[in-house]
Amino acid sequence: MATNEDHFKNVISHSKEYGFIFQSSEIYDGLSAVYDYAQNGVELKKNIRDYWWKSMVQMHENIVGLDAAIFMHPTTWKASGHVDAFNDPLIDNKDSKKRYRADVLIEEHMAKIEAKIDKEVEKAAKRFGETFDEKMFRQTNPRVLEHIHKIEEIETRFRKALEENNLGEVRQIIVDCEIVCPVSGSRNWTEVRQFNLMFSTAMGSVSEDSSVIYLRPETAQGIFVNFLNVQKSGRMKIPFGIAQTGKAFRNEIVARQFIFRMREFEQMEMQFFVRPGTEMEWYAYWKEARLKWHKALGTPDKKYRFHDHIKLAHYANAACDIEFEFPFGFKELEGIHSRTDFDLKQHEQFSGKKLQYFDPELNQSYVPYVVETSIGLDRMFLALLSNAYTEEKLPGTINATTGKEEDNSRVVLNLPPFLAPIKVAVFPLMAKDGLPEKAKEIFDLLRFDHMCVMEEKDNIGKRYRRQDAIGTPFCITVDPQSLEDNTVTIRYRDTMLQERVAVAQLKAIVEEKVSMRKVLEKL
Ligand code: ATP
């Protein structure tokens with residue numbers, strides 16, 4: 001069986017081989033943590049974005065969209081706190097010269113202790129069999145209690161150090177926990193330093209006139225500064241939301257793990273403006289609603305979990321992540337944050353303009369509170385792709401000459417059909433005798449509603465495999481009989497079953513399987 005590491009490597013090479021993702025500027029040896037979406041990747045990415053957009057904007061009468069510019073007035077980032085506080089603590093290992101995020105080193109250390117607890121529980125479950133009481137075991141077993149105590153101790157120290165911005169103490173925790181560099185294996189660490197993650201550039205052609213501006217590190221601020229414009233022009237009543245998808249930029253210290261952590265990435269964010277005092281109800285509502293959105297895709301439930309934040313950002317009064325089990329473990333996929341009235345109040349203060357809502361029911365004006373849902377489109381792409389990538393062993397075929405069974409396998413992307421980059425591939429059995437023309441007729445019938453391709457090259461078996469590897473739910477083969485009775489063979493990706501159907505049925509068969517409607521109805 002392939003290990004998780006192998007699985008991840010295979011997903012990465014598959015992405016390149018089948019036109020999903022290329023390294024940016026590859027001919028110049030690439031640019032670190034920047035990627036390009038290729039012909040199939042761009043379709044999958046667009047479909048995920050559409051699913052998010054429709055579920056947010058089209059399915060909620062009180063949520064509208066926005067597309068704010070990437071460049072914003074520089075004061076925006078003073079007000080939001082990003083200029084002063086959008087930092088990550090970094091630390092270098094003097095032997096390997098590798099750079100790490102100090103907070104990540106500590107969190108990973110705690111996760112390792114957590115894994116030890118799980119191992120103890122697993123061992124005991126085996127030993128005691130059916131009589132095993134897991135809850136009791138976790139509460140009383142001395143070794144488990146010792147591990148729990150250790151985690152709590154580190155967590156408390158770590159939280160305090162972050163709150164006090166005490167970088168010396170953060171380093172001391174790394175030293176005391178005897179954390180080693182995964183590359184050199186040594187504990188030869190530098191001091192911990194803060195590093196601002198924003199990219200800056202200059203606007204204006206003459207250097208004296210130019211001013212420093214930033215590439216936005218999150219899309220949310222474009223929503224906050226437009227809050228009143230949207231509310232007034234759309235006559236929106238609280239509670240209401242503004243949704244936006246778009247690029248964000250962060251100069252990440254450690255950029256590994258493919259498209260999980262990039263320096264240029266895309267976010268899908270929604271800010272929901274509510275009456276002060278109701279934010280916890282809405283926070284609970286959006287936590288559930290967002291988890292439902294993920295689960296509607298049919299991914300196993302156990303791949304998702306909530307993780308409450310240890311340290312709340314300066315603007316939040318509650319925050320959690322939806323974590324997904326990537327091939328390299330459970331990691332943040334989406335954040336849900338109760339951001340209070342922090343951002344709007346800051347913008348009021350820095351701009352000198354009022355950002356208040358008049359609530360006709362209360363007959364009073366106030367600065368609304370905000371609950372935000374924020375998901376990385378690229379991370380969602382990686383979650384879907386790594387979950388969909390499957391190597392299947394199939395019954396072997398018998399070689400006619402040797403009489404021996406030959407290995408038979410395929411790689412298939414089990415993507416939810418409505419998200420698949422290509423919905424239908426049409427194949428003329430042979431590139432002659434009027435079959436390509438007939439295939440083109442079918443292609444033209446379906447292309448108005450769905451992404452379709454036509455392929456003539458290679459034998460049918462190879463063409464099927466290629467479409468499986470891209471995740472195409474339907475392959476349609478046109479053969480000489482098609483010319484006589486207007487029927488074709490349709491082959492289904494997941495079961496590999498083939499059926500003879502009338503051309504007149506095709507639209508309905510495809511539509512039934514690839515429509516987004518059924519998924520939206522589950523939300
Ligand atoms: P992390 O802790 O992984 O750095 P974060 O908590 O800083 O993430 P948020 O600021 O909450 O992330 O951003 C919201 C979402 O944007 C994240 O849940 C993630 O899906 C996505 N995201 C953030 N940073 C990146 C990145 N560098 N590359 C790709 N996606 C990102």
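How many bridges join strand β4 to β6, and in which direction do they run? Four bridges join β4, residues 87-92, to β6, and the two strands run antiparallel. This is a predicted model, so please take what follows as a description of that model.

I'll stay with this sheet for a moment. Leucine 90 has arginine 193 in β6 as its bridge partner. The sheet is an open one of three strands, in the order β5-β4-β6, and the pairing is antiparallel. β5 (99-101) and β6 (193-196) are the edge strands; each has a single partner strand, so one side of each has no neighbour in the sheet. From one strand to the next, the twist averages 45°. Helix α5, residues 102-128, packs on the sheet and touches β4 and β5. The direction of α5 makes about 70° with that of β5.

Now the ligand. Which residues are closest to the ligand? They are Glu252, Arg261, Met262, Glu332 and Leu333, out of 16 residues that surround the ligand. By class, this shell has seven charged, five polar and four nonpolar residues.

Some polar pairs involve oxygen atoms of the ligand. In the side chain of glutamate 332, an N or O atom is 2.6 Å from a ligand oxygen. For leucine 333, a polar backbone atom is 2.8 Å from a ligand oxygen. For glutamine 267, a polar side-chain atom lies 3.3 Å from a ligand oxygen. On its own the ligand has 590 Å² of accessible area, and the protein covers 87% of that.

As for where the shell comes from, β10 (264-274), β13 (329-340) and β16 (369-376) each give two or more residues. The largest share, five residues, comes from β13.

Technical notes. Residues are numbered from 1 along each chain as its sequence is written. This is a predicted model: local features need pLDDT of at least 70, side-chain atom pairs count only at pLDDT 80 or more; totals for chains, interfaces and linings use all residues. Side-chain values use heavy atoms; hydrogens and water are left out. A residue is near a molecule or strand if one of its heavy atoms lies within 4 Å of it. A polar contact is a pair of N or O atoms within 3.5 Å; within protein, one must be able to donate a hydrogen and the other to accept it, and residues adjacent in sequence count only if both atoms are side-chain atoms. Accessible areas come from the Shrake-Rupley method with a 1.4 Å probe; for residues, only the protein chains shown count as cover. Ala, Val, Leu, Ile, Met, Phe, Trp, Tyr, Cys and Pro count as nonpolar, Asp, Glu, Lys and Arg as charged, and the others, Gly among them, as polar. Two strands pair if DSSP finds at least two bridges between them. Axes are lines fitted to C-alpha atoms, for helices over the stretch in contact, and angles run from 0 to 180 degrees between N-to-C directions. Contact means heavy atoms within 4.5 Å.
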